[in-house]
Structures are given as structure tokens and as C-alpha cells.
Amino acid sequence: MNPLPARVAATLLAVFIVVAAALSAVVMATDSDGISVLGALALVALALAVAWAALLPVTREAARMAAELAERNQRLAAAQRQQSELLGKVSHDLRTPLASVRGYLELLLLRQGELEGAEAQNYLQTAVRQSARLTRLVDDLLELTRLESEGAAAACEPFLLAELVQDVLQRFDAEARQRGVTLRAEGCTAGGEVLADLPLVERVLANLVENALRHTPEGGQVTVRLAREAGRTQVTVSDTGEGIPAEALPTVLEHYLHAPRVGDGGGHAGLGLAIAQRIATLHGSRLDLRSTPGAGTCVSFDLARPGPRAGAS
């Protein structure tokens, strides 16, 4: 409960009592000599000064709280704008695969018995790919909503970060070979244990590696680098891709936004980056992005290391 209204009421009551007492003294002094009247008037002036001194801290507190309320309203308005942007971007991204799936299925129904087996198979495969894209987008949206819920927290436990990095790179090895991109891990001996939520950290690494692969041309390289610093382990995912335009860097990690890479046709709802940013925040960190058009992009975050264990020498 906010104590300010009670403080205001108590202060005003005290002021009323002091001023009323002073005015009573004035009335009583009207039948006395002039010196008593002047003394009573001085008492009223003193009471008013005391009242002003008592009210001044309260008015300052009220002004401070009004400023805080205005700031909260601004943040709320910004969040509402971001939600509107999210709805617009996600609606667009949902509409595209939905229209594709519907179009191919309608075509299969209309030309049933006319299509050759290979052509019908191609239409079905395209519909399946688009439905998988749709499913992933919905899953990402649900996960972001869960991570942003009030009770969201990281279930931290110690684990070897280097092993997780190797597992994630192994998962994307086939795709990297197909794209002609080299995957590398550096500093794994310096990684050691971290104190974090393993499934959530795995999701961040997967999102960043996948994003780097998508924007790295054939012959390029994606590197995951581990480094120790000040009680934490820094994780950096870098690529030799086309980079991000300089004008897009200030907003690339804003909520729900995905900055276009150089050469892209445009941006889309960047739920993967938004999820990674939220997970980093739950671990007391945040994504730090650096990019040079034509040279590549680096995204880094850090994780806490476990303290000394009981009985350790």
C-alpha cells in the first residue's frame, strides 16, 4: 500500500491543529493589549512557516511519484506499440505459409487424378515445408510468451558449457556442410562449468548459430568462442557473413524486431532473437551485437560460473 496519502493526511491534520491553535490565540488576545496581539500574529506566522516546512517534503515526494507514474505510463505505451508491431509482423508471417499451404492443397483437390505422381509429390512436400514453418513460428510465439510471464525464471545448475557447444555445433553440422560453411569452436578448454539453465542456454546457442548460418555465404565460417572474465564465461557467436547495415544496429535487438542483413529482401518478426535476448536477461546478461557490413557479425552474452564447492581446497 502506498504510504503517501496517509502522510499527506497526517501532515494536513497537524497543520490544521497548529493554525487553529494560533488563530484561537489571536481571538483571545484581541481583548488584551497590543503586544499580545502582535505576539499572536507572530505565532500564526510561525505556524504557517512550520506548515510549509512540513508540507514541502510531501510535495516533493508527490512530484517524484508523479514523475515515476509518467515514466511507467511511457513504458506501458511503448510496450503496447511493440505488441501492435508484433501482431502486425506475426500476422504477416503467419499469412504467408497459410496461404501457401491452402493454395497447394486446393490445387491438389482441383486437379485430383490429373497430376502426375512426381508433380503431386512436389506440391505435398511444399505444403509440408510451409506447415512446418508455420508450426515453428507458433511455437516460438508461445515460448516467448512463456518466457515473458511474471513467474518466468532460469532453473540454474552447473554444467560444462564446452560440451553443450559441441552438441549444438554437431546438430547443425549437416546443414553447414550443405551450405559450404565451416563450423568452429574456440576456447573450449577455458569454458569450464557455468551456472545456468541448460535447456535455455542451448536454445540461445541454437538460435544464434542457426541465424549465423542463414546469413553466411558458401566458403564462410561460423565460430563459437568461449572466454573467462571476472567470474563469468563469455560466449560469442561470430560469422563471416554479409553483416547488418549500420543504420539498423541501434534497433536490431529491440523487442520483436529483426534487422535485415545486407542483401536481404527485408526483415521479419525476429522471434528467435527476442527469445535469445529474454533468456540472456533471465541469466543476468544481455545480447551484445557488433557488425561490420561485408565482414560479418558477432553476438555475445555471458553466464555466471559456480562458486567454490564446499570442501574444495
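# Reading a predicted fold, term by term

Biologist: What makes something a contact here?

Modeller: Two residues are in contact if heavy atoms of theirs come within 4.5 Å. Please keep in mind that this is a predicted model, where local features need pLDDT of at least 70 and side-chain atom pairs count only at pLDDT 80 or more, while totals for chains, interfaces and linings use all residues. Residues are numbered from 1 along each chain as its sequence is written, and side-chain values use heavy atoms, with hydrogens and water left out.

Biologist: How many helices and strands does the protein chain have, and how do you know what counts as one?

Modeller: There are eight helices and seven strands. Both are DSSP runs, numbered from the N terminus: a helix is H or I over at least four residues, and a strand is E over at least two.

Biologist: Why is Asp140 called buried?

Modeller: Asp140 belongs to helix α3. Its relative accessibility is 10%, and buried means under 20% relative accessible area, with exposed over 50% and partly exposed in between (1.4 Å probe, protein chains only). Asp140 therefore counts as buried. Apart from neighbours within four places in sequence, Asp140 has contacts with Arg203, Leu271 and Ile275.

Biologist: And why is Glu186 called partly exposed?

Modeller: Glu186 sits in strand β2. With 22% relative accessibility, Glu186 falls in the middle class, so it counts as partly exposed. Not counting residues up to four places away in sequence, Glu186 touches Thr223, Val224, Arg225 and Leu226. From Glu186 to Arg225 the C-alpha distance is 4.6 Å, although they are 39 residues apart in sequence.

Biologist: What share of the protein chain counts as buried?

Modeller: Of its 313 residues, 34% do. Strand β5 is mostly covered, with six of its eight residues buried.

Biologist: What makes β2 and β4 a pair of strands?

Modeller: Two strands pair if DSSP finds at least two bridges between them. Strand β2 (residues 182-186) and strand β4 (residues 221-229) are joined by five bridges and run parallel, so they meet the rule for a pair. Thr182 has Gln221 as its bridge partner in β4, and Arg184 stands opposite Thr223.

Biologist: Which strands pair in the antiparallel sense?

Modeller: Among them are β4 and strand β5 (residues 232-239), with eight bridges. Val222 is bridged to Asp239 in β5, and Leu226 to Val235. Two residues lie between the strands of this hairpin, where Ala230 has a positive phi near 50°. β5 is also antiparallel to β7, over seven bridges, with Thr233 opposite Leu303.

Biologist: What holds paired strands of a sheet together?

Modeller: Strands of a sheet pair through backbone hydrogen bonds, either parallel or antiparallel.

Biologist: What is the strand order of the five-stranded sheet, and what makes a strand an edge strand?

Modeller: The open sheet has the order β2-β4-β5-β7-β6, with mixed pairing. β2 and β6 (288-292) are the edge strands, as each pairs on one side only. On average, neighbouring strands of this sheet are turned by 15° against each other, direction ignored.

Biologist: Where does helix α7 lie?

Modeller: Helix α7 (residues 198-214) lies across β2, β4, β5 and β7 (296-304), at about 25° to β5. Axes are lines fitted to C-alpha atoms, for helices over the stretch in contact, and angles run from 0 to 180 degrees between N-to-C directions.

Biologist: Why are α3 and α8 called roughly parallel?

Modeller: The axes of helix α3 (residues 117-147) and helix α8 (residues 271-282) come within 10 Å and cross at roughly 25°. That makes α3 roughly parallel to α8, because angles under 35 degrees count as roughly parallel, over 145 as roughly antiparallel, 65 to 115 as roughly perpendicular and the rest as oblique.

Biologist: Which residues make the contact of α3 with α8?

Modeller: They include Leu137, Asp140 and Leu144 of α3, and Leu271, Ile275 and Arg278 of α8. By class, this contact has nine nonpolar, no polar and three charged residues. Ala, Val, Leu, Ile, Met, Phe, Trp, Tyr, Cys and Pro count as nonpolar, Asp, Glu, Lys and Arg as charged, and the others, Gly among them, as polar.
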